[in-house]
Amino acid sequence: MVLPQGVTERERELSPTRGMYDIKKEMQAKVDGMINVGLHPYDPAWNDVWMNAGTYRNSNGSLKNMHGPNKPFSASFKECTLTIMGTDETMKVPVQTCTRVSDVKKTLSARLMVPENSLSFVVKNGCSWKTQDDSAEIGRRVIVKGLQSFKPLPSAWPHPTAIIGAGYNGMKAALLWLQTGRTDFMMFDRYDKVGGHAWLVQANKTSKLQTEFAAFHVWFGAPFLQTNGGKLDYPSDWSTWPKRDEVNYHFQHAAERYGLLPYIRFKTEVTHIDILGTLKDPERSYALTTKALTAKGEQDQLMFSHIMHYPGAYFNPRIINYPGEDTFGGQIGYGMNDDIPYDHLQGKVTAILGNGAFAVENIRTCVEYGGTKVYLITRRKNLALPRLCCWFCHQGLAPTPASMLLDIMNPMYELCNFGDPWSFHSVYGSKEKNMCTIKSNSRFGIGDITFLAVAVGLCEYYVDLLKRCSPRTLHLEGGRKLEGVDNIIKALGLIADFEADRMHKMKKSVGIWPENDDRRFIYADPIGMNASNFTTHSTGGGSYSATQLTKYFIDFPAEMRRFKGDGYDRVLPTNVAQDERPAHQWDSKYYMNCMFMIIPLFPGLIARMSDTDNYMWALYQVVNPYDKFYEECLNSWNQYQDEFRKMGHKFEYVPYPYTKDMVDGWFKEYNEKHGPLSIEEQATWAPADPKAAAGKEVHIKPVQYDKAGENRQFWKDMGILYEGKSSSEEELK
């Protein structure tokens, strides 16, 4: 603070104004303390209103007060110590002298999710004990009856929870169950091992994780760390971009470490769900009919209180047959589950149809197996993401704006003549290129080899559609002919399982629940992207949040009753089935809208997720620190070029487009505009230029005493002060 001319700091400390300021600050801290625990502070100014509102004249003309003796409430602050009867567990609550027992009961009831009428407060009264009336002023030392703990305790249910699917998301849910000490669940899976349809069936032997393993591993999340009583730690001993077999091994490893396998019925399919009770029935339950996928095919029926169903987002390939396929004469397949023999790739020309993440994955497969040429034919060219850019988003404490992401992608795009990232169809941005949203029906294809294959001439993009086939030739709708093609891979997208909709008898999702039934949850990875800021490009963080949310409402059903009682469920978005998308599969925009509407209403749920950003930052410092990851990207880039030359391809060396000086510049810009670079900086970080982060010019001057309205002008310059109609003192009263 800048002092007036001639005023010393000592003189300022002795000023009565400073003393008044300190008293007000102390009082405000006490008020904030009450608000934080859910109590309503009482303002002494309300005494006049309270007393006047209850004053009347009796029959002899004298003034009486209906609230009792004409005595104002005391708003002085004190501290109340609550102790659970029969234990040493205590909690200190900031209160006022006038705070009533009923106020504190309501607060405990709301925070601990127990019925208010189950609580009673006992205080010492001379040499005996007395139960306080709800209307009494709360004592300083109170014994609480009717509580087991000052922490919310999960509810017990008459039946266990069913978890259908032992793939990535199902395992995440089960591991969280075990990590928190709950064993009242049972899992079902049609396969004989963990991993799910996507990694056990759809992936081929060359399939590789596109994002870093650190952001994907199934025990992602702070509660799973050994330091938090978990059984696993940061995944430092795994490949950065593991292939299918290592990914499946990591599922098995996690299941064994957590003792999950005894809770899973493998080779078992859930064939039918009976809903017993209405949506409003608190006692409703679910009867699941299961069938063993064995020779005997035994059937069973089991009762559950909740269902968590994970049918997978990548279940069936989109099937499109083109005229002339029967005359093509080469291999035609979908690139999944090894349906194209790899000896048909070496020395051959392959055309890939589509441009989603799976199509980009198949570019890598073709060039790794010695393909001489890859044509990627797509209706619209999608953005692809370099590895270093993906990592930069993951390691940040704050989201990376889409505008910055496009800018840091640009060096790779320029090197490979891939086009200006800002010009792609999925980018909706300002002319100044300082802010944008990326909207796409598919996610980024992530990897450097796509760009390298284009740069050395191994891959060519054609923005067109396949019209028909003839012997070893593809005829495109734009008139081009691609001759000498040996293989066609149809990477036209994957469709979720409609059978899940049928089994749940659902026609729509209300928010994230089928037919607004909050005791059933069906989750498949949301498709596409629609974002102006990016925290992650992996399924790890989103799956962790969804699992925490679902478990929270199972643990604390009173929170869901409050949510629906206040009518919030009636304003949630709904999702109905479409031609190629079941009702339980959402796009990313729908899912994020639901989460933004639900999570902020529940402080307890926020607390469960609040450490995710710090956890991910610390995770990346250990597993993928800057220097190590940069060297991995650079070495991989050069190794691929060495392999291409060994295969007989001739080209000039292509330098890696990113230097460490360039990446240091990213960190500098990020720190100035978007967020801190470490957890230690969080408390003190502020943007170097608040409006510059929004692409606006601003001139900031230091705060001074309000001389000729300078303070007011300062807040106007900051864009914080609203210059509307001023209220007179009388109006404010």
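Let me start with a definition: a residue counts as buried when its relative accessible area is under 20%. Keep that in mind, because W586 has a relative accessible area of 0% and is therefore buried. Hi everyone, and one caution before we go on: what you see is a predicted model.

Let's stay with that tryptophan for a moment. W586 sits in the loop between β35 (574-576) and α17 (588-598). Its C-alpha is 7.8 Å from the C-alpha of A524, although 62 residues separate the two in sequence.

Now to aromatic rings in general. How many aromatic pairs does the structure hold? The count is 52. Let me show you two of them.

Take F224 and Y258. Their ring centres are 6.1 Å apart and their planes stand at 85°, so this pair is edge-to-face. I like this pair for where its members come from: F224 belongs to the loop between α7 (213-216) and α8 (244-257), while Y258 belongs to the loop between α8 and β10 (264-265). The two are 34 residues apart, and the pair links distant parts of the chain. Both F224 and Y258 are buried.

The other pair is Y658 with W666. Here the centres are 5.3 Å apart and the planes are at 80°, so this pair is edge-to-face too. Y658 and W666 are both buried. They also belong to one aromatic cluster, whose other members are W241, W391, F392, Y626, F629, Y630, W637, Y656, F667 and Y670.

Let me pick out a tyrosine from that cluster. Which lysine lies over the face of Y626? It is K660, at 5.2 Å from the ring centre. Elsewhere, K381 lies over the face of Y461, at 5.0 Å from the ring centre.

How many of the nine residues of α11 (residues 387-395) are buried? The answer is nine of the nine, so the helix is largely enclosed by the rest of the structure.

How many disulfides does a search of the whole structure find? It finds zero. As for where some other cysteines sit, C80 has 1% relative accessibility and so counts as buried. C469 is buried as well, with a relative accessible area of 4%.

On to empty space. Rolling a probe the size of a water molecule over the atoms shows where empty space is left. In this model there are seven cavities of 30 Å³ or more. The largest cavity has a volume of about 110 Å³. It is lined by 13 residues, and Q210, E361, R364, I446 and G447 lie nearest its centre. Two elements give two or more residues to that lining, α10 (357-368) and α13 (449-455). α10 gives the most, with three residues. By class, the lining of the largest cavity divides into five nonpolar, three polar and five charged residues.

Now for an open space, the second largest pocket. Its volume is about 670 Å³. Of the 30 residues lining it, V37, K106, T107, A110 and R111 are the closest to its centre. The elements giving two or more residues to this lining are α2 (16-37), α4 (101-112), α16 (557-565) and α18 (603-609). Which element gives the largest share? That is α4, with six residues. In its make-up, the lining of this pocket has 16 nonpolar, seven polar and seven charged residues.

Last topic: backbone angles. Most residues other than glycine have a negative phi, and most peptide bonds are trans. M113 has a positive phi of about 55°, although it is not a glycine. You will find M113 in the loop between α4 and β5 (120-125). R472 also has a positive phi, near 55°, and is likewise a residue other than glycine. R472 is in the loop between β25 (466-470) and β26 (473-476). Is R472 buried or partly exposed? At 33% relative accessibility, it counts as partly exposed.

How values were computed
Residues numbered from 1 in each chain as written. Predicted model: local features only at pLDDT ≥ 70, side-chain atom pairs only at ≥ 80, totals over all residues. Heavy atoms only, no water. Phe/Tyr/Trp six-rings, centres within 6.5 Å; stacked < 30°, edge-to-face > 60°. Helix = DSSP H or I, 4+ residues; strand = E, 2+ residues; numbered from the N terminus. Buried < 20%, exposed > 50% of the residue type's maximum accessible area, 1.4 Å probe, protein only. Lys NZ or Arg CZ within 6 Å of the ring centre and 35° of its normal. 1 Å grid on protein atoms, 1.4 Å probe; cavity = no way out; pocket = protein on both sides within 12 Å on 5 of 7 lines; lining within 4 Å. Points joined across faces, edges and corners; volume = space filled by probe spheres on them. Nonpolar A, V, L, I, M, F, W, Y, C, P; charged D, E, K, R; others polar. Disulfide = S-S within 2.5 Å.
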